[in-house]
Amino acid sequence: MSDAIFIGGGGEDYAEKQGLLLKYANRHGLIAGATGTGKTVTLQIMAENFAAQGVPVFLSDVKGDLSGLAAAGSEAFKLHDAFTSRAEKIGFDEYRYEAFPVTFWDLYGEQGHPIRTTVTEMGPLLLARMLELTDAQEGVLNIAFRVADEQGLPLLDLKDLQALLVWVGENGKNLSLRYGNVSHASVGAIQRSLLVLENQGGSKLFGEPALDLSDIIRTDTDGRGRISILAADKLMGAPRLYATFLLWLLSELFEELPEVGDPDKPKVVFFFDEAHLLFDDAPKVLVDKVEQVARLIRSKGVGVYFCTQNPADVPEDILGQLGNRIQHALRAFTARDRKQLRLAAETYRDNPRFSTEDAIRDVGVGEAVTSFLERKGAPSMVERTLIRPPSSQLGPLEQSTRQAAINASPIAGKYEAQKDRESAYEILKMRADKAAKEAEDAERAEEEMESAAEREHRTGRRYSGTRVGRSTSRKSTRKSDSSFGEAMADAVIKELKGTTGRRIVRGIFGSLFKGR
């Protein structure tokens, strides 16, 4: 099956060889099933197949099991006999143990290369989703991004955004006249959410060097696609961060890749594990964005595969775009479970040989009902399928083996050292320092003028022993009046430039970078 990836087969009550045509692999897909039914192994064998056909893959490793893709399976493995027996039964004559080229990534930089983006690239919509902001708070965040654009303030990391929000809060009255209400309460709520994100380790996501998409769309020297694995076991402790990051990455692929129409095989395949996290409590605007990306990104040569426990986890408008489906068992213990099982069965093209609903309920571990797009892009009839065994190691790598793979990676050293170039934080700090210096200079000048005036006053009062003559000259009177007016004007200017000016500047900038 040189034009397809082999998924499985079986014979008798099961289908003959089942494969996913590479030409239609960018029409997206679904891997669904209850916990423990074999979804992770199915994801593993699909990643192997795509990589073997020269297609780069990006996937998240939620449980740590998928790191085994970097090592070949072993005859000493306890399931070796079961694997070889399964391969023989489904006619998988080319079955052999094999390792695949893997690049390990980790948002925290512990189990792989650091993976980052900038605040600007994330954008206010996704950032608001990550921070769980209200509509009013999201509006203030949008104003902050607009101000950053207009004033040339690069937003690279969280401290840039935090500094900008302080400035927005201090200038809220003026900004409200132009953009709408900017309340201190909303600014404070966003700052608190950023603090929570920072405590969850989210600050490591933002900064430079940012991810170069070409580093996840690589082929190895032997022509096989590289498999990028994102360590997500720790990341799952912050599910919003996990889901938003993957959605950002998908959006970046959509924005950056050129149109290619319907290629012979995808440019990259993206697996979204635990996909329900993307849609749980998601606002409609975000779901609409996912639908738009899923609808249009296939013309960029990107295949997206959602992995979840139940097809009902995926909104119907998106589910309808997933042409290639592998459905592992769904359990029906309650009335709600039975209803969802029936709905799942109704999304497949019926096979007269068996009941789809019964098959979804009854298939065992490592079995599934499958439906793939056929030659004309139409879905095939649903089939019962024994999933082929993996060629790579089943289960996680040893830490030493993983570290060796990280060190030998073609991008080793590219992302490890974080850069901190001049951005919003530094620019705003420089402005604050300049304003504070001007206020101090004005105050010092005021004090010097006051001292000079006091000395002049003392000198004028000192008795010199000489009679002072009276003058009725109108010129002298005008001069005296003029001197008095100038003195008053100077006093007012000094007050405005000095004490009052100092209060204003300190009120605006005095606490901006306190504690930094």
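Reader: How do the axes of helix 4 and helix 7 cross?
Author: Axes are lines fitted to C-alpha atoms, for helices over the stretch in contact, with angles from 0 to 180 degrees between N-to-C directions. Helices are DSSP runs (H or I, at least four residues), numbered from the N terminus. In this predicted model, the axes of helix 4 (residues 135-150) and helix 7 (residues 184-199) come within 9 Å and cross at roughly 85°. That makes helix 4 roughly perpendicular to helix 7 (65 to 115 degrees; under 35 is roughly parallel, over 145 roughly antiparallel, the rest oblique).

Reader: Which residues make the contact?
Author: Contact means heavy atoms within 4.5 Å. Helix 4 brings Ala-136, Gln-137, Val-140 and Leu-141. Helix 7 brings Ser-186, Val-187, Ala-189 and Ile-190.

Reader: At what angle do helix 3 and helix 4 pack?
Author: Helix 3 (residues 119-131) packs on helix 4 at about 160°, with the axes 9 Å apart. So helix 3 is roughly antiparallel to helix 4. Among the residues that meet are Leu-127 in helix 3 and Phe-145 in helix 4.

Reader: What does Leu-127 touch?
Author: Leu-127 touches Val-119, Met-122, Leu-141, Phe-145, Leu-161 and Phe-206, leaving out residues up to four places away in sequence.

Reader: How many residues has the largest nonpolar core?
Author: A nonpolar core is a set of buried Ala, Val, Leu, Ile, Met, Phe, Trp, Tyr and Cys residues joined through side-chain atoms within 4.5 Å. Buried means under 20% relative accessible area (1.4 Å probe, protein chains only). The largest core here has 85 residues, and Leu-127 and Phe-306 have the most contacts inside it. Helix 8 (residues 239-256) gives the most, with 11 residues.

Reader: How are the values set up?
Author: Residues are numbered from 1 along each chain as its sequence is written, and side-chain values use heavy atoms, without hydrogens and water. Local features need pLDDT of at least 70, side-chain atom pairs count only at pLDDT 80 or more, and totals for chains, interfaces and linings use all residues.

Technical notes: Buried means under 20% relative accessible area, exposed over 50%, partly exposed in between (1.4 Å probe, protein chains only). Helices (H or I, at least four residues) and strands (E, at least two) are DSSP runs, numbered from the N terminus.
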